[in-house]
Amino acid sequence: MHPPGRRPTGPAELSPPMSTAEPLRLPSALRARVATARRVVAFTGAGISQESGLATFRGGGESLWERFRPEELATPQAFHAHPRRVWGWYAWRHRAADAAEPNPGHRALARMAAVFPFFTLVTQNVDGLHQRAGSPEVLELHGTLTRAHCGRCGAARPMASALAESAEEPPPCPCGGRFRPAVVWFGEPLPGGVLERAVAESSRCDLFLAVGTSATVYPAAGLIEVARGAGAAVIEVNPEASALASLADLCVPRPAGHALPALLEAMERCRKPAS
Ligand code: BJW
Ligand code: ZN
């Protein structure tokens, strides 16, 4: 997007204040990129589900780390030391995700899949809301809250059945191990093949959207760097600048539930054949 030596150090442009009714005007260079883009990657984080009532991990307001630090809950060591506390936290999160509904941001991304020849949705979220919004395929980098597996033998079952057996402590597996949520904790590798596919798509996409992520957890956040390094145009959607906002060509400083439907409309306008 930017000739060598002319790349800005910060976002190229900031969108003007925007309400739901107000269309989003993309800068002309970005309109040209959107018009011809074949491969698009959308990368989402906890912020996209904030308007569905699910707390984010970090940042202002009600965050999931307010009472405990990450290493006190989302690590294998924490599960080993405090199985009831960690299981109870996931039981609460499972109930919250189950009760939540996809919001206009999730639905806009589901519809965006039809706008481009190749569209890949990569999420760090474990809440299943993209799938429930109708996204055809979702690469879940950090696993899912909908399943549990045995930490010893790997036997899998729905999280709902594990919780029905015991919501207070992780239920035992016949092998002598115990069930845990099928999510990725700090220090654990990401699910086999999923990160590789996400890296491959990010390294050959024309356009990369980073939505509702603080871009602080690796290797997931590195996808933004991969895409930018390979020459993709990057759009960030986040009311607060993420740690990698300086890599974006455009930052849309609005909640995803407002910004993504407007972005979808703007993209559809760019893709319409000139009459
Ligand atoms: C809105 C909004 C609205 C609000 N609209 N936006 C390099 C340096 C240092 C350390 C590391 C490194 N590389 C790897 C590491 C270690 C570690 C790491 O990254 N640590 C960092 C903290 C520095 N990474 C790992 O351990 C990873 N594994 C690994 O590296 O394995 C290596 C290995 C290989 C081989 C063998 C063994 C090991 C695993 C990371 C797992 C992360 N897990 C969690 C928990 C998942 C389960 C669960 O949900 O409980 O994943 S942590 C948590 O953070 C969760 C999230 O997916 C992840 C990212 O958070 P996200 O989505 O960005 O959310 P927030 O809350 O941070 O941000 C929300 C944003 O939304 C904010 O910016 C708001 O402004 C915005 N927002 N409302 C739009 N309405
Ligand atoms: Zn087992």
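An oxygen atom of ligand 1 is 3.0 Å from a polar backbone atom of Gln124, a polar contact in the sense of two N or O atoms within 3.5 Å. Taken alone, ligand 1 exposes 1500 Å², and the protein buries 73% of that (Shrake-Rupley areas, 1.4 Å probe). Bear in mind that this is a predicted model, where local features need pLDDT of at least 70, side-chain atom pairs count only at pLDDT 80 or more, and totals for chains, interfaces and linings use all residues. Residues are numbered from 1 along each chain as its sequence is written, chains are lettered from A and ligands numbered from 1 in the order written, and side-chain values use heavy atoms, leaving out hydrogens and water.

- Asn238 puts a polar side-chain atom 2.7 Å from an oxygen atom of ligand 1.
- On the Glu51 side chain, an N or O atom lies 2.9 Å from a nitrogen atom of ligand 1.

**The shell around ligand 1**
- Ligand 1 has 34 residues around it, and the closest are Arg58, Tyr90, Gly187, Thr213 and Ser214 (a residue counts if one of its heavy atoms lies within 4 Å).
- By class, that shell holds 17 nonpolar, 12 polar and five charged residues; Gly goes with the polar ones, while Asp, Glu, Lys and Arg are the charged ones.
- Helix α4 (residues 83-99) gives the most to the shell, with three residues; helices here are DSSP runs (H or I) of at least four residues, and strands (E) of at least two.
- Domain 1 (10-53 + 102-142 + 190-275) and domain 2 (55-99 + 144-183) each supply at least three shell residues, with bounds from an automatic or database assignment.

- Most residues other than glycine have a negative phi, and most peptide bonds are trans.
- Ala215 has a positive phi of about 55° without being a glycine, and is found in the loop between β8 and α9.
- Tyr218 and Pro219 are joined by a cis peptide bond, with omega about 5°.
- Pro219 lies in the loop between β8 (207-211) and α9 (222-229).

Methods:
A polar contact is a pair of N or O atoms within 3.5 Å; within protein, one must be able to donate a hydrogen and the other to accept it, and residues adjacent in sequence count only if both atoms are side-chain atoms.
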